[in-house]
Amino acid sequence: MDECNACNEKFEWDDRLIIVEDKYYHKDCVTLYATGYVAFLDDDPLGETENDDGQDAYEIIDGLLGD
Ligand SMILES: [Zn+2]
């Protein structure tokens, strides 16, 4: 757990670490895409969400709060 899953080198105390699904990587060993949240329906990518990780429905759809 103290070595990079990409290059298998031990981490130094001042390395920047990225954690993906409980695996550890050097930040320099992976490529980060700042794409925000991408939604998948089953295995089909729907695309990047436009509101990060979502909002309450009532904020988006008029009338859901009822009377
Ligand atoms: Zn590495």
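What you're looking at is a predicted model, where local features need pLDDT of at least 70, side-chain atom pairs count only at pLDDT 80 or more, and totals for chains, interfaces and linings use all residues. Residues are numbered from 1 along each chain as its sequence is written.

**View A. Asp-42 in its loop.** Asp-42 lies between strand E3 (38-41) and strand E4 (44-48). Its phi is positive, about 55°, although Asp-42 is not a glycine. Strands here are DSSP runs of E with at least two residues, helices are runs of H or I with at least four, and both are numbered from the N terminus.

**View B. The hairpin of E1 and E2.** Strands E1 (residues 17-20) and E2 (residues 23-26) run antiparallel, joined by 4 bridges; to pair, two strands need at least two bridges found by DSSP. Look across from Ile-19 and you'll find Tyr-24 in E2. The hairpin has 2 residues between the strands, and Glu-21 takes a positive phi near 50°.

**View C. Asn-8, before E1.** Here's another residue that isn't a glycine but has a positive phi: Asn-8, at about 60°. Asn-8 counts as exposed because it has 8 C-beta neighbours inside 10 Å.

Notes:
A residue is buried if 20 or more other C-beta atoms lie within 10 Å of its own, exposed if 12 or fewer, and partly exposed in between; C-beta atoms are placed from the backbone.
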